[in-house]
Amino acid sequence: MFTITKEVYFCYGHRLMNHPGKCRHLHGHSVKASISISHDQLNEQGMVCDFADIRDAVEVFVDQQLDHNFLLHKDDPIIPMLLAQNERFLALDEHPTAEVLSKMIFVYLKQQGFKVQQVVLWETSSASASYRES
Ligand SMILES: [Zn+2]
């Protein structure tokens, strides 16, 4: 089994409505996502796949959905205020945690045909969450 890992960086704001501490307040993160792709066999170029192909695919998703966006649970009461101010946000069915974001990236890349082994989202340099299906 061969595995390659590509890192991408982006920023977002969010808050976690049910969090008992400071994460319930509006705040932001500058994060790193590490995307690992695995294949049993290498392609005719001797690669799992081109790092640039992973970058291009994940950047489309990150730019459209996550980067410089405000990520909220769909029941967050601040949403009407953001709508009134014509502010950008993304309302999710789940709480916008690092765990949920790593799954969103995983699912998108899988839908694009990548054999994703794992997505790790580093919310700080010492704290990460990951998603994998096997
Ligand atoms: Zn946070």
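This is a predicted model: local features need pLDDT of at least 70, side-chain atom pairs count only at pLDDT 80 or more; totals for chains, interfaces and linings use all residues.
β5 and β6 (residues 127–131) pair antiparallel, with five bridges between them.

Next I looked at the pairing of β5 with β2. β2 covers residues 27–39 and β5 covers residues 116–124; the two run antiparallel and are joined by six bridges. Here Val120 in β5 has Ser34 opposite. I noted as background that side chains in a regular strand alternate between the two faces of the sheet.

Then I turned to the nonpolar core. Which residues have the most contacts inside the largest one? I found Ile35, Ile105, Val119 and Leu121, in a core of 25 residues. Two or more residues each come from β2, α1 (51–66), β3 (69–73), α3 (98–111) and β5. In soluble globular proteins, nonpolar side chains tend to be buried together.

I listed the contacts of Ile35, leaving out neighbours within four places in sequence. Among them are Ile54, Val58, Ile105, Leu109 and Val119. Thr5 and Lys6 are also in contact with Ile35.

Last, I checked how α1 and α3 pack. Their axes are 10 Å apart and the angle is about 130°. The crossing of α1 past α3 is right-handed. On the α1 side I found Ala57, Val58, Phe61 and Leu66, which meet Leu101, Ile105, Tyr108 and Leu109 in α3.

Notes. Residues are numbered from 1 along each chain as its sequence is written. Two strands pair if DSSP finds at least two bridges between them. Helices (H or I, at least four residues) and strands (E, at least two) are DSSP runs, numbered from the N terminus. A nonpolar core is a set of buried Ala, Val, Leu, Ile, Met, Phe, Trp, Tyr and Cys residues joined through C-beta atoms within 7 Å. A residue is buried if 20 or more other C-beta atoms lie within 10 Å of its own, exposed if 12 or fewer, and partly exposed in between; C-beta atoms are placed from the backbone. Two residues are in contact if their C-beta atoms, placed from the backbone, lie within 7 Å. Axes are lines fitted to C-alpha atoms, for helices over the stretch in contact, and angles run from 0 to 180 degrees between N-to-C directions. A crossing is left-handed if the near helix is turned anticlockwise from the far one by less than a right angle, and right-handed if clockwise.
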